[in-house]
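Have the sequence and the 3D view open as you read.

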Amino acid sequence: MDERQMKAALENMTDWLSHPMELGKAPAEIECAGSFEAYEMTYYIFKYKKESGGEWLIGVSGGYGDGELENCGHTFSEMEGFDEDDAEAQARALVDRVRDYIIKSAEDAENRKENPGTFVNYILLNDIKWDAEALREELKNAWGIEDELDDVDEGCEDDDDGEDINDDGTFVLSYGGAFIAITLLEAPVPYGEVEASAERNFMWKDGVKQVKKHKKHLIIAVMGDEVDPRETGELMVKTVVSCLKLFGGIGVYTGDVVLSRDYYMDFAEMLDDGLFPLHNLVWIGLYRNESGICGYTGGMINLGYDEIEVLGSSAEPMELHEFIASVAAYVIDGDVVLGDGETIGFSEKQKLPITVSPGEAVDGDSVKIEF
């Protein structure tokens, strides 16, 4: 075993576990439990404990090329129990899982970038009294959104305007070249997906606790191949706001984070002033690494732009948050593409270097700005 490489892997595994989206702190105990070869690289198996006296859990870090101290990013743990007799098989399964996830995420990111303008949100609910007709009226009265479909699917109730409106928890509408589809599911979102996403929202202190209460959810999809992604984004926000007004809701899962109902409604008021509802569509996350505070966007890719990242900044957290928001607004409002090797600044003297490279906290490439 390469001791230098093992120590690098140990540090990498510890850093991964310490991330706010994982344990949020270093493990109480951690030991290397072996290594193996896969995909022409070396992987290191670790067993660790969340708390002193707790059970041993398994993690893996790799892969490492011959003599290299930097890995390819396959560091992962499902926080499952460590089985000494089956540790290598467990670790190999983790490697395959993270490789498949990385490949799929890269493909999804590329598809989202090449096909912007598709948005999917989930409204998390305790209960709901579904009323498709009331939703139709709310969209029309609040936003002037009326259906433009000429043909009506069989089995749907048809009103004078030709809306596809069902009483079984579905709603379909075409407007301005875009398409809205809403489906009610009488069950919570499975696999703890929204609970994990709620943990990312540092602005919602009891978000995870509140999200765990949801028993049902609405899936809202808005898409339009020939429509400006900013327009379909605004249409999504208007649709979500109308649903929240009619049916209530605990929060809104955007695919990147879960936003509280009050947060979502407050920022949606930007629409009333003719402003783009940035914070309803783009999440700005913050976390710390050994170099300082880091920030990233989640949602820019749905609008056709690379996500934005700042790594290891010495700025105060909210200062960094406001800076990233300003850059995101600048890109969206001006339809600006930030290129590798360029600079950006909000004053004559400010010239901040830009690098475009694979994302650290986001899938696909990201625009990294030194701030």
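Q: What makes helix α3 (residues 132-143) oblique to helix α6 (residues 229-247)?
A: Their axes come within 10 Å and cross at roughly 125 degrees. Axes here are lines fitted to C-alpha atoms, for helices over the stretch in contact, and angles run from 0 to 180 degrees between N-to-C directions. Angles under 35 degrees count as roughly parallel, over 145 as roughly antiparallel, 65 to 115 as roughly perpendicular and the rest as oblique. That is why α3 is called oblique to α6. This is a predicted model, in which local features need pLDDT of at least 70 and side-chain atom pairs count only at pLDDT 80 or more, while totals for chains, interfaces and linings use all residues. Residues are numbered from 1 along each chain as its sequence is written, and side-chain values use heavy atoms, with hydrogens and water left out.

Q: Which residues make the contact between α3 and α6?
A: On the α3 side they are Ala134, Leu135, Glu138, Leu139 and Trp143. On the α6 side they are Lys238, Thr239, Val241, Ser242, Cys243, Lys245, Leu246 and Phe247. Contact means heavy atoms within 4.5 Å. By class, the contact of α3 with α6 has eight nonpolar, two polar and three charged residues. For this sorting, Ala, Val, Leu, Ile, Met, Phe, Trp, Tyr, Cys and Pro count as nonpolar, Asp, Glu, Lys and Arg as charged, and the others, Gly among them, as polar.

Q: Is the crossing of α3 and α6 left-handed or right-handed?
A: α3 passes α6 in a right-handed crossing. A crossing is left-handed if the near helix is turned anticlockwise from the far one by less than a right angle, and right-handed if clockwise.

Q: What does α7 (residues 261-268) do next to α6?
A: The axes of α6 and α7 come within 10 Å and cross at roughly 130 degrees. α6 and α7 are therefore oblique to each other. Here α6 passes α7 in a left-handed crossing. Met236, Val237, Val240, Val241, Leu244 and Lys245 of α6 make the contact with Arg261, Tyr264, Met265 and Ala268 of α7. Sorted by class, the contact of α6 with α7 has eight nonpolar, no polar and two charged residues.

Q: How many residues does α6 have, and how far does α6 reach?
A: α6 has 19 residues and spans 26 Å from its first C-alpha to its last. The expected span of a helix is 1.5 Å times one less than its number of residues, and for α6 the reach is close to the 27 Å expected. Gly248 follows α6 and has a positive phi, near 75 degrees.

Q: How do you know that β1 (residues 29-38) and β2 (residues 41-49) pair?
A: Two strands pair if DSSP finds at least two bridges between them. Nine bridges join β1 to β2, and the two strands run antiparallel. One place to look is Ser35, which stands opposite Tyr44 in β2. Helices (H or I, at least four residues) and strands (E, at least two) are DSSP runs, numbered from the N terminus.

Q: What lies between β1 and β2?
A: The two strands form a hairpin with two residues between them. Tyr39 in the turn has a positive phi of about 55 degrees, although Tyr39 is not a glycine.

Q: Why do β1 and β3 (57-64) count as edge strands?
A: The open sheet has the order β1-β2-β3, with antiparallel pairing. β1 and β3 each have a single partner strand, so one side of each is left without a neighbour in the sheet. The twist averages 25 degrees from one strand to the next. Six bridges join β2 to β3, and Thr42 has Tyr64 in β3 as its bridge partner.

Q: Which peptide bond is cis?
A: The bond from Gly62 to Gly63 is cis, with omega near -20 degrees. Gly63 lies in strand β3.

Q: What is the order of the six strands in the open sheet with mixed pairing?
A: The order is β12-β13-β14-β17-β16-β15. β12 (283-289) and β15 (343-344) stand at the edges with a single partner strand each, so one side of each is left without a neighbour in the sheet. Two bridges join β15 to β16 (residues 352-358), and these strands run antiparallel. Thr343 stands opposite Pro353 in β16.
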